[in-house]
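Please keep the sequence and the model in view while reading.

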Amino acid sequence: MEASNQSTVTEFVLLGLSAHPKLEKTFFVLILSMYLVILLGNGVLILVTILDSHLHTPMYFFLGNLSFLDICYTTSSVPLVLDGFLTPRKIISFSGCAVQMFLSFAMGATECVLLGMMAFDRYVAICNPLRYPVVMSKAAYMPMAISSWVAGGANSLVQISLAVQLPFCGDNVINHFICEILAVLKLACADISINVISMGVANVIFLGVPVLFIFVSYVFILTTILRIPSAEGRKKAFSTCSAHLTVVVIFYGTILFMYGKPKSKDPLGADKQDLTDKLISLFYGLLTPMLNPIIYSLRNKDVKAAVKGLVAEKCFPL
């Protein structure tokens, strides 16, 4: 009878920075600025990889996918965050929360797999250059990219399906800027052990396996580069994978920092740490998508030349 008297949750309240209203306008401007940089930078990268025939190669095809993914990932959450900064009561429907969680989870898992695919591309290009056109043909790299999206989407569908089946019949306040799945699971009035186990398995598959694959790939890549007799040859070979390696370090480095930092045991500092954790999580979702196009533009001569050509063509047409 008690269970039947409990009301079912149909919407959630996002706490965000409600306890710190003076910070909301400042963070609104900051987050909006970062979001616009993400849209502009990744949009330009997508354009140049499509319009410049010199960039119609597997590496830049994967890069275009990565840029599109970063736009989708940030768009799935940033507009909700910005709206929350301007709205006194930050409400999202149950179905809207599920959709937002699905998109964020799918994009995150897809990026992990895609970075692994890009590492394989660099491995073949440097360690087996003569076989590169055969191994990384269009018939190979197209299914590789598609499988990244399918795997990320399938994983997200499983996790979100398990989450939405839980009964939410108590508190509906999410202590976050968005519908972050762990924050949502804390509100369920049922055992979430299956969800935790499922997410643990998914983390091993979509975080652990790609990291191991990337690490092994770069062990072979660095070994091959060090065998090149000339310093100029080593520099040229390393420059072809330095941008990807930098992106990988930032992407996984921020994850390790976010989840590996020690928790404060001081109860008086719990609120402060809670705010810090939410902000770190928020900026983690913006940092990598914002830096990716900057890194590839600065560390890749082909992309830099293509961007300059596109800007010159659009701004100074003959």
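## Helix 3 and helix 5

The axes of helix 3 and helix 5 (residues 94-127) come within 10 Å of each other and cross at roughly 165°; axes are lines fitted to C-alpha atoms, for helices over the stretch in contact, and angles run from 0 to 180 degrees between N-to-C directions. Helix 3 is therefore roughly antiparallel to helix 5, where angles under 35 degrees count as roughly parallel, over 145 as roughly antiparallel, 65 to 115 as roughly perpendicular and the rest as oblique. The crossing of helix 3 and helix 5 is left-handed, a term used if the near helix is turned anticlockwise from the far one by less than a right angle, with right-handed used if clockwise.

Residues of helix 3 that meet helix 5 include Pro58, Phe62, Leu66 and Tyr73. On the side of helix 5, the residues involved include Ser104, Gly108, Leu115 and Arg122. Contact here means heavy atoms within 4.5 Å.

## Basis of the model

The model is predicted: local features need pLDDT of at least 70, side-chain atom pairs count only at pLDDT 80 or more, and totals for chains, interfaces and linings use all residues. Residues are numbered from 1 along each chain as its sequence is written, and side-chain values use heavy atoms, with hydrogens and water left out.

## Overall composition

The protein has 12 helices and three strands. Helices (H or I, at least four residues) and strands (E, at least two) are DSSP runs, numbered from the N terminus. Of the 318 residues, 44% are buried; buried means under 20% relative accessible area, exposed over 50%, and partly exposed in between (1.4 Å probe, protein chains only).

Among contacts between residues at least 6 apart in sequence, 80% join residues at least 24 apart. The accessible surface comes to about 16900 Å², and carbon and sulfur atoms account for 70% of that surface. These areas come from the Shrake-Rupley method with a 1.4 Å probe; for residues, only the protein chains shown count as cover.

## Aromatic pairs

The structure holds 11 aromatic pairs. Rings of Phe, Tyr and Trp (its six-membered ring) pair if their centres lie within 6.5 Å; planes under 30 degrees apart count as stacked, over 60 as edge-to-face and the rest as tilted. Phenylalanine 12 and phenylalanine 168 form an edge-to-face pair, 5.7 Å centre to centre with 90° between the planes. Phenylalanine 12 belongs to strand 1 (residues 11-14) and phenylalanine 168 to the loop between helix 7 (138-164) and strand 3 (173-174), so this pair ties together parts that are 156 residues apart in sequence. Both phenylalanine 12 and phenylalanine 168 are buried.

Phenylalanine 61 and tyrosine 141 form a tilted pair, with 5.1 Å centre to centre and 50° between the planes. This pair links phenylalanine 61 in helix 3 (residues 58-75) with tyrosine 141 in helix 7, 80 residues apart. Phenylalanine 61 is partly exposed at 27% relative accessible area, whereas tyrosine 141 is buried at 11%. Elsewhere, ring pairs link Phe120, Tyr123, Phe213 and Phe220 into a cluster.

Phenylalanine 238 lies in helix 10 (residues 231-260) and is partly exposed, with 31% relative accessibility. Not counting residues up to four places away in sequence, phenylalanine 238 touches Leu222, Ile225 and Leu245.

Threonine 224, in helix 9 (residues 193-226), is partly exposed at 22% relative accessibility. Threonine 224 and isoleucine 126 are 98 residues apart in sequence, yet 7.3 Å apart in space, C-alpha to C-alpha. Leaving aside neighbours within four places in sequence, threonine 224 is in contact with Ile126 and Cys127.
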